[in-house]
Amino acid sequence: MLFIEQKTKLGVAYFNETISRLYELKEADLNSQVIVLDNMGLGIEEVSTTLGAILMQAQSHAIHHYASVGYVIHQLGISLPDNEFGFNPT
């Protein structure tokens, strides 16, 4: 079984498909109700939320990861072309 994490071309194609699908979203889609299932360590938990809330959380979480990567890069003495990489103004 191939995983996108192991094959660059597959990963790039998946990433581009995701971007395309995000651009197809309409504002009304953000209010769509979504059921999220997650194993929080004590079994499956279920919560109802909206697609907009999920996308906001994903964006915030991505910035968190960018900040971690930015910190490591800074510690290695490498400068990034964008000073705001991983910066969350909140």
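**The surroundings of Thr49 and the chain as a whole**

Student: Leaving aside its neighbours within four places in sequence, which residues is Thr49 in contact with?

Tutor: Thr49 is in contact with Ser32, Gln33, Val34, Val36 and Ile54, where contact means heavy atoms within 4.5 Å. Please note that this is a predicted model, in which local features need pLDDT of at least 70, side-chain atom pairs count only at pLDDT 80 or more, and totals for chains, interfaces and linings use all residues. Residues are numbered from 1 along each chain as its sequence is written, and side-chain values use heavy atoms, with hydrogens and water left out.

Student: And what is pLDDT?

Tutor: pLDDT is the predictor's confidence in each residue, from 0 to 100. The protein chain has a mean pLDDT of 89, with 96% of its residues at 70 or more.

Student: Where is the place of Thr49, then?

Tutor: Thr49 lies in strand S2. Helices (H or I, at least four residues) and strands (E, at least two) are DSSP runs, numbered from the N terminus.

Student: Is Thr49 partly exposed or buried?

Tutor: Thr49 is partly exposed, as its relative accessible area is 21%. Buried means under 20% relative accessible area, exposed over 50%, and partly exposed in between (1.4 Å probe, protein chains only).

Student: How many Å apart are Thr49 and Leu37 in space?

Tutor: From C-alpha to C-alpha they are 11 Å apart, and 12 residues separate them in sequence.

Student: New topic: where is Thr18?

Tutor: Thr18 belongs to helix H1 (residues 8-23). With 33% relative accessibility, Thr18 also counts as partly exposed.

Student: What box do the C-alpha atoms fill?

Tutor: Along the principal axes, the box is roughly 45 × 35 × 35 Å.

Student: How much of the chain is buried?

Tutor: Buried residues make up 6% of the 90 residues. Of the contacts with a separation of 6 or more, 14% come from residues 24 or more positions apart.
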